Amino acid sequence: MFVSAISFVAILLFAIGLYGVITSRVGIKMLISIEIMINSAILNLIGIGSYFYAGSGTISPYVFALFAIAIGVIESAVGLGLLIAVYHRFGKIDISLLREIRW
């Protein structure tokens with residue numbers, strides 16, 4: 001019951017994030033949606049890991065979750081940097097403008 005409830009919530013969060021990525025054209029909304037998707041994967045990892053590794057004394061699911069959080073932070077920093085570059089160049093934040101940037 002515990003694992004199925006955690007997995008259901010994680011799938012629901014992932015679906016919400018995926019819907020936000022597919023339907024949004026604004027960069028900040030897409031970054032937030034991607035963060036929701038990453039957080040749902042972390043929730044699923046922690047929920048299943050705490051169920052299967054509860055009595056063994058290992059911390060490996062939590063270490064993997066910390067790595068996933070670090071990857072999410074790096075992804076947010078890179079995405080925000082790209083969106084700031086688009087805003088400085090064009091004056092608005094739209095994902096379709098990323099094609100116009102020539103480095």
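I started with proline 61, which has its place in helix H3; I take helices as DSSP runs of H or I with at least four residues, numbered from the N terminus. The model is a predicted one, in which local features need pLDDT of at least 70, side-chain atom pairs count only at pLDDT 80 or more, and totals for chains, interfaces and linings use all residues. Residues are numbered from 1 along each chain as its sequence is written, and side-chain values use heavy atoms, with hydrogens and water left out.

**Entry on proline 61.** I looked up the relative accessible area of proline 61 and found 3%, so proline 61 is buried; the classes are buried under 20%, exposed over 50% and partly exposed in between, with a 1.4 Å probe and protein chains only. Leaving aside residues up to four places away in sequence, I listed Leu45, Ile46, Gly49 and Tyr53 as the residues that proline 61 touches, a contact being heavy atoms within 4.5 Å. I also checked the C-alpha separation between proline 61 and glutamate 35, which is 19 Å for two residues that stand 26 residues apart along the chain.

**Entry on H3 as a whole.** Helix H3 runs over residues 60-90, and its 31 residues reach 45 Å from the first C-alpha to the last, close to the 45 Å expected at 1.5 Å a residue; the expected span is 1.5 Å times one less than the number of residues. I noted Pro61, Ala65, Gly72, Gly79, Leu83 and Val86 as the buried residues of H3, and among what covers them I found helix H2, residues 27-52. Just after H3, I came to glycine 91, which takes a positive phi of about 85°.

**Entry on leucine 80.** Leucine 80, also found in helix H3, counts as partly exposed because its relative accessibility is 41%. Not counting residues up to four places away in sequence, leucine 80 touches Ile28 and Leu31. From leucine 80 to tyrosine 62 I read 27 Å, C-alpha to C-alpha, across 18 residues of sequence.

**Entry on the surface patch.** Which residues form a nonpolar patch on the surface? I found Leu45, Ile59, Tyr62, Val63, Phe64 and Phe67, with about 580 Å² of accessible area together. Patches are made of residues with over 30% relative accessible area and no salt bridge, with like charges joined within 9 Å and nonpolar side chains (Val, Leu, Ile, Met, Phe, Trp, Tyr) within 5 Å. A salt bridge here is a side-chain nitrogen of Lys or Arg within 4 Å of a carboxyl oxygen of Asp or Glu, and the areas come from the Shrake-Rupley method with a 1.4 Å probe, where for residues only the protein chains shown count as cover. H3 gives the largest share of the patch, four residues. Phenylalanine 64 is found in helix H3 and is exposed, with a relative accessible area of 51%.

**Entry on H2.** I compared the span of H2 with expectation: the 26 residues should span 38 Å at 1.5 Å a residue, and the end C-alpha atoms are 38 Å apart, which agrees. Its buried residues are Gly27, Met30, Leu31, Ser33, Met37, Ser40, Ile42, Gly47 and Gly49, and what covers them includes H1 and H3.

Is serine 7 buried or exposed? With a relative accessible area of 17%, serine 7 is buried; it lies in helix H1. A polar contact of 3.4 Å joins its side chain to that of asparagine 44, where a polar contact is a pair of N or O atoms within 3.5 Å and, within protein, one must be able to donate a hydrogen and the other to accept it, with residues adjacent in sequence counting only if both atoms are side-chain atoms. Phenylalanine 8, found in helix H1, is exposed at 55% relative accessible area.

I then turned to serine 24, which lies in the loop between helix H1 (2-23) and H2 and is buried, with a relative accessible area of 10%. A polar atom of the serine 24 side chain lies 3.2 Å from the backbone nitrogen of valine 26, and, not counting residues up to four places away in sequence, serine 24 touches Lys29 and Met30.

How values were computed: Helices (H or I, at least four residues) and strands (E, at least two) are DSSP runs, numbered from the N terminus.
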